[in-house]
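Subject: The structure I promised you

Hi,

Here is the structure we talked about. Have a look at it first, and then read my notes below.

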Amino acid sequence: MSDRTASPPGDSRFFRRAARASLAHLAEIAGATAVVPRDGSAALDSGYAGVAPLQAAGPDQVSFLDNRRYAALLDATGAGAVIVAPAFVDRVPAGCAALVTSAPYLAWARIAAYFHPPTQAVPGRHPSAVIDASADIDPSAEIGPFVCVGPNVRVGARSIIGPQTVLGEGVTVGAECRIGAHVTVSHALLGDRVTLFPGVRIGQEGFGFAVGPNGFETVPQLGRVILEDGVEVGANSAIDRGSAQDTVIGAGSRLDNLVMIGHNVRMGRCCIVVSQAGISGSTELGDFVTIAAQAGLIGHIKIGTKARVGAQCGVMSDVEAGADVIGSPAMPFREFFRNVAVLRKLAKKDAGKTP
Amino acid sequence: MSDRTASPPGDSRFFRRAARASLAHLAEIAGATAVVPRDGSAALDSGYAGVAPLQAAGPDQVSFLDNRRYAALLDATGAGAVIVAPAFVDRVPAGCAALVTSAPYLAWARIAAYFHPPTQAVPGRHPSAVIDASADIDPSAEIGPFVCVGPNVRVGARSIIGPQTVLGEGVTVGAECRIGAHVTVSHALLGDRVTLFPGVRIGQEGFGFAVGPNGFETVPQLGRVILEDGVEVGANSAIDRGSAQDTVIGAGSRLDNLVMIGHNVRMGRCCIVVSQAGISGSTELGDFVTIAAQAGLIGHIKIGTKARVGAQCGVMSDVEAGADVIGSPAMPFREFFRNVAVLRKLAKKDAGKTP
Amino acid sequence: MSDRTASPPGDSRFFRRAARASLAHLAEIAGATAVVPRDGSAALDSGYAGVAPLQAAGPDQVSFLDNRRYAALLDATGAGAVIVAPAFVDRVPAGCAALVTSAPYLAWARIAAYFHPPTQAVPGRHPSAVIDASADIDPSAEIGPFVCVGPNVRVGARSIIGPQTVLGEGVTVGAECRIGAHVTVSHALLGDRVTLFPGVRIGQEGFGFAVGPNGFETVPQLGRVILEDGVEVGANSAIDRGSAQDTVIGAGSRLDNLVMIGHNVRMGRCCIVVSQAGISGSTELGDFVTIAAQAGLIGHIKIGTKARVGAQCGVMSDVEAGADVIGSPAMPFREFFRNVAVLRKLAKKDAGKTP
């Protein structure tokens, strides 16, 4: 396939594109200071047309530098404008404008979002959708093909419900939510601006059973799932409803793909859970906690605010606020890497002894 | 959102609720002995209305104590009745009835299931379902919207097939099964009382290929998946069909969310596989085996009856019946934690030497 | 259930079966040399009817031996013909024909595929499918029930789009692709002979956000997913689209179930990624790389051609071409197992000291 060759970001087959924008307008969007090219050139009249990485950008495109490691790419860029931190203004090529800000990545996010705004809801219900008469759906919401909406469901203004998604009885979806295709939601209350990617499973029974005389017997799972405002959940992730109390994901938290959240988990604001990580039942996270990829947390423990749990970490006990842990079982970062180094040293020594 | 505040379990938007029940009736349901309040009070005439945790329950609710750690909550509970083991009868508050049993958690499961019984099949086929004329569906079964049923499929009495689920040609589903939304089943025979949660994938080709002159060539996967009676499979889990023999999940086994079962795996009765664990091709498990979260088993090994594999464990060879293993590679629990302790000690000693 | 008893592969409820074939014809299909039975018997006239494992095969079935460990099964087989390497010809029972080849497993794959050929597309569109008028679908392609096809989608000759799959605006699917049920594809270009198993998620936004004054702000994900010719992706796996450049899976690569591929990952030809493994953003793999089950790769690293990453391995830095690594953090295989052995020795010694 010839398509492997690099294409500019924003392929028009997949992404809408806004009108050109002047340097001043972009500076306003980004909360940055506009600096015209040092060489006096002014290709700005027609405005900038889009965004691209440093190595691919042309004279009508905006690029950015966020990582010192890539500073050499800045020297050589053909971009018409570059978003940079103040320390890099002097390295911006002479014919290139600068958008100067202490938060270049955030500015990039906003300018890219200006050029390629997220899809907006197209108000209305696809005729194939099966919607219970008791459902209360805002007229500005979009209901896709083959969607199933149960009794007493509520969907807020400008929310999008993707094709074939199933909203079970009593589910509430707030305003400006983006629910992807093939999502299942039951026993759940979603705030505003919640985003669920395709294949997400919300609100099914948690993993709870007692041992009876003839095998396991299910313990009824009688809680709910609460997704607060701005929560995002990645593709094919699963969040079980609570057993007696609720499972709660705090406002602004972001979960990546294939993440597992057990029943009764309570997560604070703006937590990050990276792909394939799992949190067992009844564990509590403070605010701004980061759980890296493939980490696993046992149930019934507490993770303090701003703690960071490393990739593949196995957490078996409480983690203090602000702590950095890694390893299985979890230990402080420094201790983990010291252990690794000491074991390597001992193994080398041992190899020396036994020929 | 104000919904984060605790609500009682069994939110009426999501859960049906049965009629009130007397203490005697609840004792019968739970197989427990009813003990009236010590203070002679008798609020029992009107019966109990539901269940709640110790700290939230009111005078017409039933609660339970299963874990010694929470005994202080028992002292302070406002519940009208509490399920307890004999050792705790004396600590039940004076105005509170007791349901005494040696298995409080099982009794709780049954009383909670009395108050909030599982959803029953509503007999019939949604008009949007696409059902092959040769399919044999019991008239008491429920077929949801947009379900696809292939040729020669059989669905037993009182089974529920959730919205948009796809049952491929020849699939057999027993009686009283609960198949969630967005499930895919092919090349499979399901017993009675099988539960599949949303997004489960059963019966797709296993991961088998040979190296040919121009890349990999698929090895046809000609086996089936057998899910015996009472098996439960969690959301977004995947069970591949066998390559030549069958993949078999033994009666009463419970798999959690995001679990992966490779082709030709054979699992005994009442096994437990916790979320994000994976079992590679042709591995065999005895009865009552527990595989904890995120554990991984290599292919072609045998795990003995009642063995327990710890979280994140990496099992590369056979495990004896009754053994407890953890670590990657797997080793006995005691050995693993001894290794962790010794390495920590050596690392501290080393740190003392090298300033 | 009585179905647990072994059944021959190719249960006719689930698999089509081709006509009987002569030994000579099978030899041609397999690229093998036909050797008639040593005892002069010739049951070949009617031809062979199918395939089965050594221990189950009868006189009209073909079996194979690929692994020296199972040679005793060869001695005792009742198969009418057996595929073997030259070294085992002498051990084929006297009444059994042989198909001799240096690649028995590949020959088995081809003969099994002759007897049980993959399902072919049944040209046409199910009337329930919702297909945008601008979509360009080859008349020989099969579009299943409840499929959603967006504007400007292209589907090539003889491709199968399974029930309820969603192809978003602009998506291109090549010829002879097999897309399972409940698949979601957006922002993606698929080559020829691509296979996606049920529940696969292709092209959703990657996990990218900047920290803003009021929480996280999404960084628009403006790249695509490119799946080159012959790529296979297992059930419930997820591949995010690129942020600025593309996410690329090289020709002939095979991904197992529940695999996670982050944005901007670039994978070479004929890579293997086993179930529940994850590759973080912007990491690059050469050709013929193997990533075993539950392994995790950090972002922004390079894995050289033919490198092999072991199960549950945690890779934090580049891996050289041809290297074998395992452990978390990753290290050479030999070093890992030496470390395990040395730690065990030290722990035993320590246990001896402290009674």
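Before going on, some housekeeping. This is a predicted model, where local features need pLDDT of at least 70 and side-chain atom pairs count only at pLDDT 80 or more, while totals for chains, interfaces and linings use all residues. Residues are numbered from 1 along each chain as its sequence is written, chains are lettered from A and ligands numbered from 1 in the order in which they are written, and side-chain values use heavy atoms, leaving out hydrogens and water.

The complex gets an ipTM of 0.96 and a pTM of 0.97 from the predictor.

Back to the rings. Over all chains there are 24 aromatic pairs. Phe336(B) and Phe337(B) make an edge-to-face pair, 5.0 Å centre to centre with 85 degrees between the planes. Phe336(B) is buried at 9% relative accessibility, and Phe337(B) is partly exposed at 33%. (Buried is under 20% relative accessible area, exposed over 50%, partly exposed in between, with a 1.4 Å probe and protein chains only.)

Now for chain C. It has an open sheet of 5 strands in the order E1-E5-E4-E3-E2, with mixed pairing. Strands E1 (33-35) and E2 (50-51) of chain C are at the edges with a single partner strand each, so one side of each has no neighbour in the sheet. Strands here are DSSP runs of E, at least two residues, and helices are runs of H or I, at least four, numbered from the N terminus; two strands pair if DSSP finds at least two bridges between them.

E1(C) runs antiparallel to E5 (residues 97-100) of chain C, joined by 3 bridges, and Val35(C) sits opposite Ala98(C). E3(C) and E4(C) also have 3 bridges, but in the parallel sense; Ser63(C) has Val82(C) as its bridge partner there. E4(C) is covered on both faces: Ala81(C) and Ile83(C) are buried on one side, Val82(C) and Val84(C) on the other.

Cheers

Terms used
Rings of Phe, Tyr and Trp (its six-membered ring) pair if their centres lie within 6.5 Å; planes under 30 degrees apart count as stacked, over 60 as edge-to-face and the rest as tilted.
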